[in-house]
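We will go stop by stop.

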Amino acid sequence: MLASIATRRLARVLPLWLSRGYAAAAAGPQITVHFITKKGKVTLPAEVGKSLMEVARANDIDIEAACDGTCACSTCHVYVQKDYFEKLPKPTEDELDMLDLALDLKETSRLSCQIKLTKEMDGLVVSLPAESLNHYSGKN
């Protein structure tokens with residue numbers, strides 16, 4: 001009886017633990033990423049192959065990502081530190097179209113959902129814009 005209750009509870013909380021990155025140690029190769037937020041610098045481990053948006057959301061970084069990473073909005077807009085910006089693959093036409101909707105666009109603006117993490121991105125530093133405009137759901 002007790003084992004059955006524990007199993008049901010684990011089945012409910014395990015997806016939450018995984019979504020918040022608690023199982024990161026059991027994941028693939030890791031790198032370090034740094035987010036500059038309104039509250040200061042946040043340094044996080046990140047699994048190679050994940051998108052920067054996935055890492056941010058799993059660790060409660062304030063990125064809305066209204067379209068859940070489908071490149072259909074600009075609410076995951078970030079500023080990439082210039083040293084790392086030059087190492088990233090060029091943005092696709094879809095990403096450029098969505099960036100046109102972002103507030104306060106800069107030379108190093110990218111959508112975090114389109115940045116797939118590689119070993120070469122270890123130490124990546126991104127800053128969050130002061131605000132974003134959500135054309136996807138009509139919210140600001």
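The tour below starts with the sheet, moves to the salt bridges and ends at one threonine.

**Before you click**

This is a predicted model: local features need pLDDT of at least 70, side-chain atom pairs count only at pLDDT 80 or more, and totals for chains, interfaces and linings use all residues. Residues are numbered from 1 along each chain as its sequence is written, and side-chain values use heavy atoms, with hydrogens and water left out.

**Stop 1: the sheet**

Show the cartoon. Look for five strands in an open sheet, in the order 2-1-5-3-4, with mixed pairing. Strands here are DSSP runs of E with at least two residues, helices are runs of H or I with at least four, and both are numbered from the N terminus. Two strands pair if DSSP finds at least two bridges between them.

Now select residues 40-47. This is strand 2, an edge strand. Strand 4 is the other edge, and each of them pairs on one side only. Neighbouring strands of this sheet are turned by 35° against each other on average, direction ignored. For such angles, axes are lines fitted to C-alpha atoms, for helices over the stretch in contact, and the angles run from 0 to 180 degrees between N-to-C directions.

**Stop 2: strand against strand**

Select residues 30-37 and 124-127. These are strands 1 and 5, which run parallel and are joined by four bridges. Pick out Val 33: its bridge partner in strand 5 is Leu 124.

How many bridges join strand 3 to strand 5? There are two, and the strands run antiparallel. Tyr 79 has Ser 127 of strand 5 as its bridge partner.

**Stop 3: the salt bridges**

Side chains of opposite charge can pair when their charged atoms come close. A salt bridge is a side-chain nitrogen of Lys or Arg within 4 Å of a carboxyl oxygen of Asp or Glu. The whole structure holds three of them.

Select Asp 68 and Arg 57. Their closest N and O atoms are 2.9 Å apart. Asp 68 sits in the loop between helix 2 (52-58) and strand 3, and Arg 57 in helix 2, so the pair ties together parts that are 11 residues apart in sequence.

Next, select Lys 82 and Glu 107. Their side chains meet at 2.5 Å, N to O. Lys 82 is in helix 3 (residues 82-85) and Glu 107 in the loop between helix 4 and strand 4, 25 residues apart. Glu 107 counts as exposed because its relative accessibility is 60%, and Lys 82 counts as partly exposed at 40%. The cut-offs are under 20% relative accessible area for buried, over 50% for exposed and in between for partly exposed (1.4 Å probe, protein chains only).

Now select Glu 95 and Arg 110. Their closest N and O atoms are 2.7 Å apart. Glu 95 belongs to helix 4 and Arg 110 to strand 4, 15 residues apart. Are these two buried or exposed? Glu 95 is buried, with a relative accessible area of 1%. Arg 110 is buried too, at 4%.

**Stop 4: Thr 108**

Finish at Thr 108, in the loop between helix 4 (93-99) and strand 4 (109-111). Its relative accessibility is 14%, so Thr 108 counts as buried. Which residues does Thr 108 touch, not counting residues up to four places away in sequence? They are Val 78, Tyr 79, Val 80, Lys 82 and Phe 85. Contact means heavy atoms within 4.5 Å.
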